[in-house]
Every structure is written in C-alpha cells, then in structure tokens.
Amino acid sequence: MESCISAIGIANPQNRIAQQDIYHFMANAFGLDETNAARLKSIYDNSGIEYRYSVIPDFAFSDPSKYTFFKQTDDLEPFPDTQKRLKLYEKEAISIAVNAARNCFAGFQEDINTKITHLVTVSCTGMHAPGIDIELVDRLGLNRNTERTCINFMGCYGAINGLKVADYICRADANAKVLVVSVELCTLHFQKANTLDNWVANSLFSDGAAAVLVENTANRLGRGACFSLKNFYSEFVTEARDEMGWYVGNTGFEMKLTSKVSKQIKKHITALTDRFLQKAKTQIGDISAYAVHPGGRTILEAVEEALELPEESNSFAYEVLREYGNMSSATILFVLDKMLKAGNLIDQKILSFAFGPGLTVEGMILEMH
C-alpha cells in the first residue's frame, strides 16, 4: 500500500512587497548609518529574492506616517508585544489557510470537503485554541468528526512531518483522505535589535500557506499527476544545535540564524544523504530531480556544492525563493506545487530536504506519476 500527494493549493496575503522596498524599511528601522546601510543592502541584493508577502503592509513604506501595525515613530517604539502579534495571526492566518485549501480542492468534485477524514495543520509562527484546525473544519465544511492533528513550532521542516503523518494514516487506512495545511506568518515576528542574525532573518522571511491532499494510491479521487510518497528520513546534527533556534520573546518569536547554518549543511549533507539513500535502498543515480527547501540562496548553494549538483537541479526552489522568499514550513510545498504543475518529471524520483532548529534535516523521496 502506498500514498500520494494528489493535489496542492497555495495562497498568500494580499501585500506583495518588493525586496528593495523592504530593505528601505529595515534600514530606517535599524537606524543604520551610511556604511551599515550599504552592508545591509548587499545582503538584500544577494538574497535571490525579488518579492515577499506579508499580512503587514508597513514593510512597503519608509515613511512612518503610513504604518498601520507598527507605531508611527522612527524607532517603532513602543514595539509590538507578542500578544499583539499573535492577535493578528489569529485574525489573518485562517483566511490564507482557507484560500490554500480551496485552491487544493479546485480540481475535485464539489463534495470533496465531505470526504476528508483527517486534517493535519502545520505552523510555527502562531497558535491559539480553539485553533486553526477547528476553524478550517468549520469554514471548509469538513465533517465535525474529522480527526485533527496539529504540528507546531517545528520550523521550516514541519510540513515534511505533516506529510509523514498523512502517509502513515493513508497506508494504514486505504479509504483515508488527509488534508495537510501549512500556514506561516513569519513577518509578524520582525525584530529590530541591531544584530547580524536579525539582518539576515529579516531579509528572508515571508508569509504564505499551502494545502495538500494525501490519499492512498489505490483509491485516488485525484485524476491528474501526483507524487507518490516513497520514503522519509530524519536526522539532526548535534554540533550545529546552537546555529538555529526559534524562541518565544516578549516582542514576538525570536529567530536565531547564524551564518554557520549553510556551512554546517554543506559539511554534513553528503553523509546524511548517503545514510538516507541506504535506508531507502536507492542509489543516487536513481534520483532525477531535487526539491530542497529554499531557506536562503546560500543554503541551496551549500547543498548543490556538497552533492555536486548543477544549479538547474534546484530550479524550482530558486523560483520560489525569488517570487516568495522563505515562508518557513509552507515553502517546500510551494516548490512541490511548481514541480507538479510543470508535469515534466513523470516516473522520475525526487529527493527533497528541509532544514530547521536542531539542526534538523528532514528528507523524503517522491516519485511523480
């Protein structure tokens, strides 16, 4: 018995903001002098990102008088506390998640919502109870006895864990229909402490949601191309534990993201990949394409250099990075969505990785049919 991703839907907030506009906001917010503003601009110019999305329109403006979420002061003080940020998450996240799910359902008959047996929600940028899981059941018209599982605070690799849970369910129950919804409002947690970690984090993150329908291949309702879920793998790199973290602070969630993350990935990904492929009884030559989480341009380059891959092997990931930025756990699903829509990988195996605190590497092997 095998399970597959039958459909993917994506969605973003309405505020699409050019990366260079965000740079001007950040330079002002950090109060940078000419030298440091030039250093920050170099980070933005080399990010590989052209646009990002946010539920907060303020990032598009240099003029504080136009702010609607932050205080209309040069230093943004008093800075929004965690409660204010999570109130906005509670208000905005559900709408984006619903839009992603409806886009996922678009290719099915109108009663697909009544056939969903399980719901898996993924998020690390906000939480409340009753939460998004219950709200999705209500707004999508799912059955009230839909079984719900919430995967929270796992960072950028969370969606792979969501797919893993869905895979286990569908392998155990051939009639299961599992909706996996990842929604992340990363930009809610902008931090203005003038550190390099904050410079880098604030240059990358974005808001978005993705929804995936997973079902047993023997009882598919989907009729288009799909990804069969072949293998999963998880491992964390103990010596890199302190290079990435995600902590609850008084002014939102605080990201720790050092410049050593890409170096640690480059150092360890080859041996980790070998262990994964050995467990999956697969050869590297069997892999035709790659779906690597675009946590940043340097992360994609680190994987390419370590595994000796041509840049075009990650073309879909670079496209997502350029068009959306890093939407934490939802991002890898955006990459898979592009691959599924392209439809040019039929009968080919795809190796996918996502990275997060730990330093954790989650991997999966998929095959398009």
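This is a predicted model: local features need pLDDT of at least 70, side-chain atom pairs count only at pLDDT 80 or more; totals for chains, interfaces and linings use all residues.
**Entry 1: T331**

I began with T331, which sits in helix α10, spanning residues 331-342. Is T331 buried or exposed? Its relative accessible area is 0%, and buried means under 20%, so T331 counts as buried. Next I checked the side chain of T331: one of its polar atoms lies 2.7 Å from the backbone oxygen of S328. Then I set aside the neighbours within four places in sequence and listed what T331 touches: H293, P294, V320, G325 and N326.

**Entry 2: α9 against α10**

I noted the crossing of α9 and α10 as right-handed.

For the contact itself, I wrote down F316, A317, E319, V320, E323 and Y324 on the α9 side, meeting T331, F334, V335, K338, M339 and A342 on the α10 side. The residues of this contact divide into 8 nonpolar, 1 polar and 3 charged.

**Entry 3: α8**

I then moved to helix α8, residues 297-307. Which residues of α8 are buried? I found I299, L300, A302, V303, E304, A306 and L307. Their cover includes α9 again, along with α7 (261-280), β11 (287-292) and β12 (349-356). Just after α8, I saw that E308 takes a positive phi of about 55°.

L76 is not a glycine, yet it has a positive phi of about 65°. I placed L76 in the loop between β3 and α3. With a relative accessible area of 1%, L76 is buried.

K281 is not a glycine either, and its phi is positive at about 55°. I found K281 in the loop between α7 and β11. Is K281 buried or exposed? Its relative accessibility is 78%, and the cut-off for exposed is over 50%, so K281 counts as exposed.

**Entry 4: cis peptide bonds**

Back in the loop between β3 (51-54) and α3 (82-105), I looked at P78. The peptide bond from E77 to P78 is cis, with omega near -5°.

I looked at P130 too, in the loop between β4 (118-123) and α4 (132-140).

Terms used
Residues are numbered from 1 along each chain as its sequence is written. Side-chain values use heavy atoms; hydrogens and water are left out. Helices (H or I, at least four residues) and strands (E, at least two) are DSSP runs, numbered from the N terminus. Buried means under 20% relative accessible area, exposed over 50%, partly exposed in between (1.4 Å probe, protein chains only). A polar contact is a pair of N or O atoms within 3.5 Å; within protein, one must be able to donate a hydrogen and the other to accept it, and residues adjacent in sequence count only if both atoms are side-chain atoms. Contact means heavy atoms within 4.5 Å. A crossing is left-handed if the near helix is turned anticlockwise from the far one by less than a right angle, and right-handed if clockwise. Ala, Val, Leu, Ile, Met, Phe, Trp, Tyr, Cys and Pro count as nonpolar, Asp, Glu, Lys and Arg as charged, and the others, Gly among them, as polar.
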